[in-house]
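Biologist: Hello! I am new to reading protein models, and I would like to learn how to look at aromatic rings. Could we go through one together?

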Amino acid sequence: MGKSSLTKFEFPPEVFAEISKSLLAAGKSVRFKAVGDSMYPFIHNGDIVVIEPTLTARLKIGDIIYYQDINGHCLLHRVIRTRSLAGSLQFQIQADNTLMPDGWVSSDRVLGRLARFYRDDILINMDSLPARITNMLILAQLGLNLHKYGKYRSGRSYFRRLLLLYKYF
């Protein structure tokens, strides 16, 4: 079930948000092509991502969530912190390719969790050991950047090398 088995449909972002929201609420997975570089180096523009419904209580730091922003668009960003505010679970999120957190997302805006993705017909399961190791490295890098907003991140090439690990697990 690689990249080549997809049927191409294009929708305006608001329409796609509603369709994916309905499918995930019904317990179905959603698969689409990632657009943009906000999650680079982990997710590349053109990777095929698979989002699965999830219970927000099961989300943990490092998970990549699919959520609806205040403009009605759906985005994928990484959870870097959690908190409970007035009895509601909230997640601080950050794109991997930014220096500062994007803010807090309430649990009612979380639609699902990135379960796996395909890059060049290689399946990368988010629960695999290489993906968990990569998540830890990215979280460490994001944590360092929380204290150094003014510096541009370097050393992204080692994330590309980790893709080779996926072939062996």
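Biologist: Which residues do ring pairs link into a cluster?

Modeller: Good place to begin! This is a predicted model, so local features need pLDDT of at least 70, side-chain atom pairs count only at pLDDT 80 or more, and totals for chains, interfaces and linings use all residues. Residues are numbered from 1 along each chain as its sequence is written, and side-chain values use heavy atoms, with hydrogens and water left out. Now the answer: ring pairs join Phe-16, Phe-32 and Tyr-66 into a cluster.

Biologist: How many aromatic pairs does the structure hold, and what describes such a pair?

Modeller: A pair of aromatic rings is described by the distance of the centres and the angle of the planes. Rings of Phe, Tyr and Trp (its six-membered ring) pair if their centres lie within 6.5 Å; planes under 30 degrees apart count as stacked, over 60 as edge-to-face and the rest as tilted. The structure holds 3 aromatic pairs. One of them is Phe-16 with Phe-32, an edge-to-face pair with 5.3 Å centre to centre and 75 degrees between the planes.

Biologist: Where in the chain do Phe-16 and Phe-32 lie?

Modeller: Phe-16 is in helix α1 and Phe-32 in strand β1 (residues 30–33), so this pair links distant parts of the chain, 16 residues apart. Helices (H or I, at least four residues) and strands (E, at least two) are DSSP runs, numbered from the N terminus.

Biologist: Is Phe-32 buried or exposed?

Modeller: Buried means under 20% relative accessible area, exposed over 50%, and partly exposed in between (1.4 Å probe, protein chains only). Phe-32 counts as buried because its relative accessibility is 16%. Phe-16, at 22%, counts as partly exposed.

Biologist: Why is the pair of Phe-42 and Phe-117 edge-to-face?

Modeller: Their ring centres are 5.4 Å apart and their planes are at 65 degrees, so the pair is edge-to-face. Phe-42 sits in the loop between β1 and β2 (48–52), and Phe-117 in strand β7 (residues 110–119), 75 residues apart. Phe-42 is buried at 4% relative accessibility, and Phe-117 is buried too, at 1%.

Biologist: Which residue has its charged end over the ring of Phe-42?

Modeller: A charge sits over a ring if NZ of Lys or CZ of Arg is within 6 Å of the ring centre and within 35 degrees of the ring normal. Here, Arg-78 places its charged end over the ring of Phe-42, 5.2 Å from the centre. Arg-83 lies over the face of Trp-104, at 3.9 Å from the ring centre.
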